[in-house]
Amino acid sequence: MEKSTRFPEGFLWGGAIAANQCEGAVLEDGKQWSIADAMPNGVFRDPVIPPPEFYLKQEAIDFYHRYKDDIALFAEMGFKVFRFSLSWSRIFPTGEETEPNEKGLQFYDRILDELEKYEIVPLVTIFHYEMPLALSEKYGGWTDRKLIDLYLKFADTVFRRYKDRVKYWITFNEINMIIHAPFNGGGLLPKDGKAVTLQEMYQGAHYQLVASALATKMGHEINQDFQIGCMVAGAPVYQLTSSPDDAVAAMWKERKTLFYTDVQCRGYYPNYMKRYFKENGIQLEITQEDEKALKDTVDFVSISYYSSDCATADDSDVMTTRGNIASTVKNPCLHLNEYGYQIDPVGLRYILNQLYDRYQLPIFIVENGVGAKDELVPDGNGSYTVNDLYRIDFLREHLLQVKEAIEDGVDVIGYTSWAPIDLVSQSEHSIEKRYGYIYVDRDDQGEGTLERYRKKSFYWYRDVIGTNGEKLADPIK
């Protein structure tokens, strides 16, 4: 008997973007510099300001001015949910203002207006690799406890402003990335020419975890119907060989990610991290008030998923390849895409089961996609398109594994692919590494009309949503 690929009724299909990768308008309507402006080409720049005369995120894809047309295209695909982030520096330009920037809040009012017009559910990320640069320069980013209160002021402002318009919230995007990219993930600055230390990274991570828990408590007090989730960059870790030592190595490597979800879902620090801190000379400032705060846990778990990883006890002769910001150990059983990412659809099923077995909380897949160098060609009807069968194949194989996980009993509530429209890639700081169903006519030199064109995948994803997954059973043509 052939299996049905139909998803559960009410499944939330959609797409996800981030403010600093699509909005542009970096100094418009009161907005000030963010940490994203200090990484114009993907590398921390010192001095950070002024940035170079040209960099892609200055204008990005101009979503700030074109959001109505873009959301109309998402509605045409049938989106049930749309994930976007709030630019902290658009609402509190330096992070320390007493009152928020009303023009910044009004911009997100207008986005919500458009989503409501099309009955698209908003999923809002409060912190997505963008904080006021002033907080990084003045306090060293999240290494300073003062950031907790400043973040909570931001969270309180947006919770109250949108309390009747937004149900689903994510406190921090890929919170585990502060260890792999400390400036990108937390505004942590090198001191006296020395690299950021593990002590500083984990202290910053602790303050983010406390801020997340306090924001979760605050949000539930403002509106008890809020659903507030945590988010990690997810990557299952396989042992490279059948050696028991490799199994232990994989266990420890995986724990470096699970630590964050353990704290946010269980409400306390796991013993294995206490051992790790002790053996690595890491002494965190954790108060009794912090430990009490962490007990306010999240309502759901959300993940980004791009690839899996491997681990071995003997890493003297291993091959590595690209991953989501951090590199990964190459798995001999997997193929690579053109940017060096390992393609592993089954890994998505694996990590969904792992997280659900561990926490028994609903799971939201809030990023999953493939970057590629697309070619714009005539569509035969006087316009242009991209014949991106490779993207359709990638997404189809991953979504079939999501369906397998649901059959396994995992409560997967939604899927927002990264990204529904081309934007500035975080890993490459490139527009020409394209993820979207919608092609944006702009290149890495900033040339182009910014016109939008529907790719072949646009119509495919529209049909997947329209059939609630049944389209996945059809062969790719």
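Tyr151 and Phe172 are both buried, a term that stands for under 20% relative accessible area, computed with a 1.4 Å probe over protein chains only. The model is a predicted one, in which local features need pLDDT of at least 70 and side-chain atom pairs count only at pLDDT 80 or more, while totals for chains, interfaces and linings use all residues. Residues are numbered from 1 along each chain as its sequence is written, and side-chain values use heavy atoms, with hydrogens and water left out.

A pair of aromatic rings is described by the distance of the centres and the angle of the planes. Rings of Phe, Tyr and Trp (its six-membered ring) pair if their centres lie within 6.5 Å, with planes under 30 degrees apart counted as stacked, over 60 as edge-to-face and the rest as tilted; by this rule there are 41 aromatic pairs, including the two tabulated here.

| Pair | Centres | Planes | Class |
|---|---|---|---|
| Tyr151 and Phe172 | 4.7 Å | 20 degrees | stacked |
| Tyr202 and Phe277 | 5.3 Å | 65 degrees | edge-to-face |

Tyr151 belongs to helix H6 (residues 146–161) and Phe172 to strand S4 (residues 168–172), 21 residues apart; helices (H or I, at least four residues) and strands (E, at least two) are DSSP runs, numbered from the N terminus. Tyr202 lies in helix H8 (residues 198–222) and Phe277 in helix H10 (residues 271–279), so this pair ties together parts that are 75 residues apart in sequence. Tyr202 is buried, with a relative accessible area of 3%, and Phe277 is likewise buried, with a value of 7%.

Notes:
Buried means under 20% relative accessible area, exposed over 50%, partly exposed in between (1.4 Å probe, protein chains only).
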